[in-house]
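These are my notebook entries on one protein chain.

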Amino acid sequence: MIFILGIDALDYELVDKLNLDSLKQLEYSKTVVPIHKKFGIPLSPEVWASFLTGKYTPKHFEKPQNFKRFLFKLNRSLKIDFSKGILEKIKLQYYKYFTVSNRFGKLNKKTFLDITQSMEINVPFYSFDNKTFDIGHLFGKGELSLEKTVKGIKLIYESRKKQIFNELDNSGNEDVVFAFMHTADMLSHYAFLRRSEIELHYIDLNNYVSALKLKLADFFDEVIFIIVSDHGFDFDKGTHSMKGFYSSNTHLIPKPENITDFYGIILELVNKNKELYRS
Ligand SMILES: [Zn+2]
């Protein structure tokens, strides 16, 4: 079975610096991801769509008029929330896209999940529950303080960890399971100035991955465990950095260089596993 843990914004440099073995696994590397033409940084909906379909899948934004009005309002509320000098460190660029495409939206192409025996847990374009974006909206509207927003993101993280564990109780026949977490990205956006907070989150993710592997061993004989991230994070600037991340507990062949390479690699692994099972 191939288990994929998608961790939005998991940063290669920070995993490397903290030397987190469960996140690094047997092999780990940066990956090339699409850079959004207008915003000049990788945007999650575009990168995850490309990952799932194996093809560069650009994200188009709808209703630019509403979006401008909204930005104006958001800018005003941010100024209130960040009155203690943090504002200049926050890039509004980020809010531009996530407030417009507050859901990942629809995907009109087939993904590797559609053509395999698969299970998805809170995956973009599938059952992603939008909670992290909703909390960002409440912050943007001035209804939640920065403190409460950060606390809320952490609560979502805790429930997500449990959700993945619980949903695995219903698994057993899958060739592929893809579970997704968006909380590292959101925590990075809102708390990037508190480096120790971010580092603790990474350490917790590292521990979670080792617990998750033990849990998976109860249900599956052999698990190829792949961690994928859509981009890193520049903690000085408070925005996405340009490269993705992956790690694997087995050597992947060929070694993925671009985020779109995983599609073929995953399907190949599924076929190989099926042949092994048959013989
Ligand atoms: Zn982000």
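Entry 1: strands β3 and β4. I began with Glu120, which stands opposite Phe178 in β4. I noted that β3 and β4 pair in the parallel sense over 4 bridges. The model I am reading is a predicted one.

I then checked how well β4 is covered. I found that 6 of its 6 residues are buried. Val176, Phe178 and Phe180 lie on one side of β4, Val177, Ala179 and Met181 lie on the other, and all are buried. I recalled a rule for this pattern: in a regular strand, side chains alternate between the two faces of the sheet.

Entry 2: from β4 to β1 and β5. I followed the pairing onward and found β1 joined to β4 by 6 bridges, with the two strands running parallel. In this pair, Phe3 stands opposite Val177 of β4. I also found β1 (residues 2-7) joined to β5 by 5 bridges, again in parallel. Here Leu5 stands opposite Ile227 in β5.

I asked myself why β5 counts as largely enclosed by the rest of the structure. The reason is that 6 of the 6 residues of β5 (residues 224-229) are buried, so the strand is largely enclosed. Ile224, Ile226 and Val228 point one way from β5, whereas Phe225, Ile227 and Ser229 point the other way.

Entry 3: β8 and β2. I recorded that β5 and β8 pair in the antiparallel sense over 4 bridges. Ile227 stands opposite Ser247 in β8. I next looked at β8 (residues 243-248) and β2, which pair in the antiparallel sense over 6 bridges. The bridge partner of Glu27 in β8 is Ser248. As a reminder to myself, strands of a sheet pair through backbone hydrogen bonds, either parallel or antiparallel.

Entry 4: the whole sheet. In what order do the 6 strands of the open sheet stand? I wrote down β2-β8-β5-β1-β4-β3, with mixed pairing. The edge strands are β2 (27-32) and β3 (118-121), each of which pairs on one side only. Neighbouring strands of this sheet are turned by 15° against each other on average, direction ignored.

Entry 5: helices α7 and α9. I looked up α7 and found 23 residues, reaching 33 Å from the first C-alpha to the last, which is close to the 33 Å expected. Among its buried residues are Gly152, Ile156, Tyr157 and Arg160. The buried residues of α7 pack against several elements, including β3, β4, α8 and α9.

How do the axes of α7 (residues 146-168) and α9 (residues 195-219) lie? They come within 10 Å and cross at roughly 10°. The two helices are therefore roughly parallel to each other. On the α7 side the contact is made by Lys161, Ile164, Phe165 and Leu168, and on the α9 side by Tyr208, Leu212, Lys215, Leu216 and Phe219. By class, I recorded 7 nonpolar, no polar and 2 charged residues in this contact.

Entry 6: helix α8. I found 9 of the 9 residues of α8 buried, so this helix is largely enclosed by the rest of the structure. Asp185 and His189 are among the buried residues of α8.

Entry 7: the chain as a whole. I counted 10 helices and 8 strands in the chain. Buried residues make up 41% of its 279 residues. Of the contacts with a separation of 6 or more, 76% are between residues 24 or more positions apart.

Notes
Residues numbered from 1 in each chain as written. Predicted model: local features only at pLDDT ≥ 70, side-chain atom pairs only at ≥ 80, totals over all residues. Axes fitted to C-alpha atoms, helices over the stretch in contact; angles between N-to-C directions. Parallel < 35°, antiparallel > 145°, perpendicular 65-115°, else oblique. Contact = placed C-beta atoms within 7 Å. Nonpolar A, V, L, I, M, F, W, Y, C, P; charged D, E, K, R; others polar. Pairing = 2+ DSSP bridges. Expected span 1.5 Å × (residues − 1). Buried ≥ 20, exposed ≤ 12 C-beta atoms within 10 Å, placed from the backbone.
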